[in-house]
Amino acid sequence: MFKKRTMGVIVGAVAAALVFSGCASDGGDSASGGTDGEKPYIALVSKGFQHQFWQAVKSGAEQAAEEFDVEITFEGPDTEADVDQQIQQLQTALDKSPAAIGFAALDSQAAGPLLQQAKDSNIPVIAFDSGVDSDIPLTTAATDNLAAAGEAAKHMADAIGHEGKVALVVHDQTSVTGQERRDGFVDYMEENEPNIEIVDIQYGGGDQAKSADLAKAILAANPDLKGIYGSNEGSAIGVVQAVKELGLDSTTLTVIGFDSGKAQMDAIRDGLMAGAITQNPVGIGYETVKAAVEALDGKTLPKTIDTGFYWYDATNIDDEEIQAVLYE
């Protein structure tokens with residue numbers, strides 16, 4: 001069983017997009033919104049660059065850049081805890097006078113002054129993956145994270161027999177994404193599962209090693225724990241690493257993840273993880289650039305662009321529809 005929420009965002013072409021390459025510029029001197037004075041230049045600043053999720057977002061952005069004949073750059077901080085580095089990258093992007101900016105905020109408030117600078121300079125801002133605590137972005141291309149996290153909670157409840165103790169390892173509490181993937185899971189449990197107790201919520205910055213340490217500490221404090229939910233790729237892989245180090249298996253602890261990546265897919269195939277939510281990262285990148293182009297053309301954009309999500313586990317991981325939105 002899986003739940004599907006999707007826009008018409010080239011799902012059939014996603015697999016091809018994952019291997020698409022070549023149209024993104026690594027930088028360059030840009031003026032008047034163009035890196036070469038001919039094509040509009042769109043700067044994308046993501047929440048990270050280290051996880052395969054962001055490489056998949058980048059590939060979707062590259063596909064759209066080729067299709068709509070624009071130049072893009074795509075960058076992000078070294079880790080998803082480096083708010084200051086991301087803010088500096090956003091400042092650097094603004095200094096290049098792009099035609100438009102795509103921004104996935106690590107801290108939903110910290111970028112406020114720079115977003116205002118973009119608005120004052122008539123540079124359209126498109127938020128992606130994570131919303132921004134501001135009305136400046138014209139739209140946000142993202143997963144419905146509240147609904148997706150609720151779906152993760154539903155599968156957790158089913159897996160543990162609708163009773164027992166569970167915990168969360170969340171990537172952060174400053175981004176809208178982190179907040180919604182936490183709150184969607186917690187709200188579902190509080191509203192639907194009176195016999196399930198959430199005993200701990202920890203924040204690992206999306207770092208695998210730190211998330212593994214947090215998971216081991218949670219398990220040490222709660223030896224009767226029945227499940228752990230990891231809210232992004234790094235968090236989930238960290239939980240899986242803890243499970244491996246402690247020698248646990250699915251009969252002892254249920255692990256539910258979010259996002260994809262080879263380590264999570266291997267964990268599902270090996271029975272270490274019950275399943276996970278996958279987004280449509282290529283669609284996120286594609287829709288971000290497409291929205292930027294439409295903004296430059298003066299089109300009215302919707303408040304949000306729902307790029308969809310899927311539940312996947314050992315029963316459907318090899319289905320064509322699921323394979324199209326997984327990434328390694």
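Start by selecting Lys262 and Asp266: they sit 4 residues apart in helix α9, so about one helical turn separates them. (Helices here are DSSP runs of H or I, at least four residues, and strands are runs of E, at least two, numbered from the N terminus.) This is a predicted model, where local features need pLDDT of at least 70 and side-chain atom pairs count only at pLDDT 80 or more, while totals for chains, interfaces and linings use all residues. Residues are numbered from 1 along each chain as its sequence is written, and side-chain values use heavy atoms, with hydrogens and water left out.

Lys262 and Asp266 form a salt bridge, with the closest N and O atoms 2.7 Å apart. (That takes a side-chain nitrogen of Lys or Arg within 4 Å of a carboxyl oxygen of Asp or Glu.) Lys262 is partly exposed at 45% relative accessible area, and Asp266 is partly exposed at 28%. (Buried is under 20%, exposed over 50%, partly exposed in between, using a 1.4 Å probe and protein chains only.)

Next, pick Arg181 and Asp259. Their side chains meet in a salt bridge at 3.7 Å, N to O. Arg181 lies in helix α6 and Asp259 in the loop between β10 and α9, 78 residues apart. Both are buried.

Now jump to Lys58 and Glu62, another salt bridge, at 2.5 Å from N to O. They are 4 residues apart in helix α2, so about one helical turn lies between them. Lys58 and Glu62 are both buried.
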